[in-house]
Amino acid sequence: MSENGQKNKMIEIPPIITVRELSQIIKASPIEIIKILMANGVMANINQQIDFDTAAVVAAELGFEVCIETQAPEKEEDLGEIPLWRRMIANENPADLVNRPPVVTILGHVDHGKTTLLDAIRHTNVAAGEVGGITQHIGAYQVEHNNRIITFLDTPGHAAFTAMRARGAQGADIVILVVAADDGVMPQTKEAAAHAKAAHVPIIVAMNKIDKPNANQDRVRQQLAEIGLVPDDWDGDTIVVPISAKLNKGMEDLLEAINLVADNLDIRANPKGKVIGTVIEAEIDRAKGVLATLLVQNGSLEVGDVVVAGNTCGKIKAMFDYTGKRVRKAGPSFPVSVMGLNGIPQAGDLFQVVESEKDARIMIDEQNQAKAQIEASQKSVMSLEQLFDRFQAGDVRELRLVVKADVQGSLEPVVSSLQDLGKGDIAINILHAETGAVSESDVMLAAASKAIVIGFNVQADSTARRLADSEGVSIRLYDIIYRLIEDIEKALKGMLEPEEKEVILGHAEVRAVFRISKIGNIAGCYVTDGEIHRNAKMRVIRNGEVIHEGWIHSLKHLQEDVREIRHGFECGIAIKGFDGFEVGDKLECFSIEKVAVL
């Protein structure tokens with residue numbers, strides 16, 4: 001029901017819907033919807049996709065009741081981030097969906113061979129027979145293995161990977177984590193793994209440099225297991241492929257592993273559906289103007305289409321594949337370099353096709369208005385306390401943390417204590433825990449994952465602080481461990497929905513019974529412990545059994561009405577709906593309070 005007592009209008013919406021689509025259904029301004037989302041702790045732009053529960057909250061505030069149009073996402077996906085491609089196909093007809101090539105990105109520690117691996121794959125497995133046809137670097141390319149296409153994003157590094165997630169995109173379906181067999185798991189390896197896990201993207205480990213004389217594969221497997229990547233040959237679920245990118249060994253096995261993981265993911269798209277995708281990179285070419293590399297993730301992009309990419313737009317004048325060859329059409333998982341945009345979009349921006357350039361300009365204007373309002377209202381970083389308001393509102397049911405400490409001896413007890421706090425409906429998800437100062441990478445991970453950064457006996461460098469200010473990430477630094485744990489514990493209590501709990505206030509003994517007209521029997525009592533409160537409930541106990549529970553009707557001391565009586569005093573008590581007092585009855589005063597639980 002609405003506030004004026006009228007019944008809300010019922011509408012149907014899909015499990016996933018964009019802000020723009022919701023505004024059209026309920027005939028409201030996108031700006032108004034974005035304001036409501038902001039008030040509920042959700043930062044969104046006009047093209048942002050929101051889930052059913054979030055849309056229901058917005059609709060309710062605008063006088064609508066909603067019901068789901070199709071089956072909601074499976075429970076297992078409710079626990080984490082829904083992959084971009086699943087959100088994209090949520091509104092598509094299942095009969096129109098077809099398998100598409102997996103999109104793969106490569107992460108890992110510096111000097112462990114990411115670039116060498118990319119080069120080895122690119123030059124030995126070029127798709128469609130274009131051997132040696134690398135005439136243009138567009139940030140992505142495709143290879144063929146067993147008559148199946150695989151798309152690689154040639155943008156290695158978890159910084160770029162996480163920046164895309166922070167802007168709402170998830171460009172990769174699979175992450176290859178490169179680990180050198182002679183060097184083992186290094187700090188950047190752990191960071192990269194944490195970023196991939198936070199994105200809920202499956203990880204394949206490419207154990208590189210197995211040709212080195214000091215390579216120790218068993219040691220690397222042990223180190224991987226210690227960071228939660230248990231190798232499949234150790235009865236784990238992480239595929240580890242030994243390779244030598246320099247000698248071109250193990251490439252076939254790696255590509256086969258990618259296809260195997262892709263089969264389990266059941267990656268699909270609708271080539272005839274709405275055209276949506278992600279900007280991989282963009283630059284200005286002196287001869288061609290703005291060149292943007294776009295990865296199509298649903299639908300088919302064609303020359304002549306009008307595209308909105310972030311804050312830029314334009315009609316596609318020409319498209320080139322990764323070999324530099326002109327193409328007129330690009331389907332799902334197909335990377336293309338395009339000409340025609342009026343500006344340089346940011347890597348990670350989502351793009352979509354619209355009807356006309358007029359529609360594109362209107363969409364960008366609405367986005368700019370929404371962005372200006374968000375920036376005006378979001379001057380301070382999201383504090384720990386504000387973050388928990390979102391949990392109380394039911395937006396999410398876990399607290400995500402990035403934990404840094406000065407030494408391993410400090411890190412382990414901090415992580416252990418934090419994990420012990422996560423109980424019941426609330427989970428503590430430690431995305432990344434490492435020694436060292438709070439870095440830019442830590443803040444990027446927190447920004448993309450809606451987490452907070454906890455530091456113990458460390459400082460945040462100036463770059464990290466600047467990024468935290470701009471991205472709205474809270475960094476909390478401590479030098480006493482119990483204060484750190486106490487803050488998180490208090491916050492978790494605030495996150496939990498309060499439950500009703502009975503609180504015993506005091507006891508009294510009936511020593512006389514008086515009859516008063518218009519009221520009935522009054523119990524003359526002596527307070528044996530605690531206090532008796534007039535606004536509380538009373539339990540009458542006789543011979544060890546409860547014979548009545550009810551609200552206290554009156555509480556008197558020496559003929560005067562009082563609010564409470566303490567231990568050692570006498571009083572007269574009347575209970576609503578009961579006057580069968582007997583001398584010797586025990587009275588138990590209690591209240592029902594809503595308390596936070598941990």
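The questions and answers below concern a predicted model of one protein chain.

User: What average pLDDT does the protein chain have?
Analyst: This is a predicted model, and pLDDT is the predictor's confidence in each residue. In the protein chain, 81% of the residues score at least 70. The chain average is a pLDDT of 80.

User: What share of the residues in the protein chain is buried?
Analyst: The chain holds 16 helices and 34 strands. Among contacts with a separation of 6 or more, 71% join residues 24 or more positions apart. Of the 598 residues, the buried share is 51%.

User: Which element gives the largest share of the largest nonpolar core?
Analyst: This core has 28 residues, and those with the most contacts inside it include Leu117, Phe152 and Ile258. Elements that give two or more residues to the core include the strands β6 (103-108), β9 (174-180) and β10 (203-208), and the helices α6 (114-124) and α10 (251-265). The largest share is seven residues, and it comes from α10.

User: Which residues does Leu117 contact, leaving aside its neighbours within four places in sequence?
Analyst: Leu117 is among the residues with the most contacts inside the largest nonpolar core. Its neighbours within four places in sequence are set aside here. What remains is Ile106, Ile176, Val178, Ala206, Ile243, Ala245, Met251 and Leu254.

User: What arc do the buried residues of α1 cover around the axis?
Analyst: Helix α1 spans residues 19-26, and its buried residues are Val19, Arg20, Leu22, Ser23 and Ile26. They lie on the same side of α1, because the arc they cover around the axis is only 165°.

User: Which elements do the buried residues of α3 pack against?
Analyst: In α3 (residues 52-61), the buried residues are Phe52, Thr54, Ala55, Val58 and Ala59. Seen down the axis, they fall within an arc of 160°, so they line one face of the helix. Just after α3, Gly63 takes a positive phi of about 90°. The packing partners of the buried residues are β1 (9-13), β2 (16-18), α1, α2 (30-39), β3 (49-51) and β4 (64-68).

User: How far from Cys589 is the nearest cysteine sulfur?
Analyst: A search of the whole structure finds zero disulfides. Cys589 is buried, with a relative accessible area of 0%, and Cys313 also counts as buried, at 7%. Disulfides require sulfur atoms within 2.5 Å. The nearest sulfur to Cys589 belongs to Cys571, at 9.7 Å.

User: Is Asn147 buried or exposed?
Analyst: Asn147 has a positive phi of about 65° although it is not a glycine. Its place is in the loop between β7 and β8. With a relative accessible area of 71%, above the 50% cut-off, Asn147 is therefore exposed.

User: What is the relative accessible area of Gln559?
Analyst: Gln559, which is not a glycine, has a positive phi of about 70°. Gln559 is found in the loop between β30 (545-557) and β31 (560-561). Gln559 is exposed, and its relative accessible area is 73%.

Technical notes:
Residues numbered from 1 in each chain as written. Predicted model: local features only at pLDDT ≥ 70, side-chain atom pairs only at ≥ 80, totals over all residues. Heavy atoms only, no water. Core = buried A, V, L, I, M, F, W, Y, C linked by side-chain atoms within 4.5 Å. Buried < 20%, exposed > 50% of the residue type's maximum accessible area, 1.4 Å probe, protein only. Helix = DSSP H or I, 4+ residues; strand = E, 2+ residues; numbered from the N terminus. Contact = heavy atoms within 4.5 Å. Arc of directions from axis to C-beta. pLDDT = per-residue confidence, 0-100.
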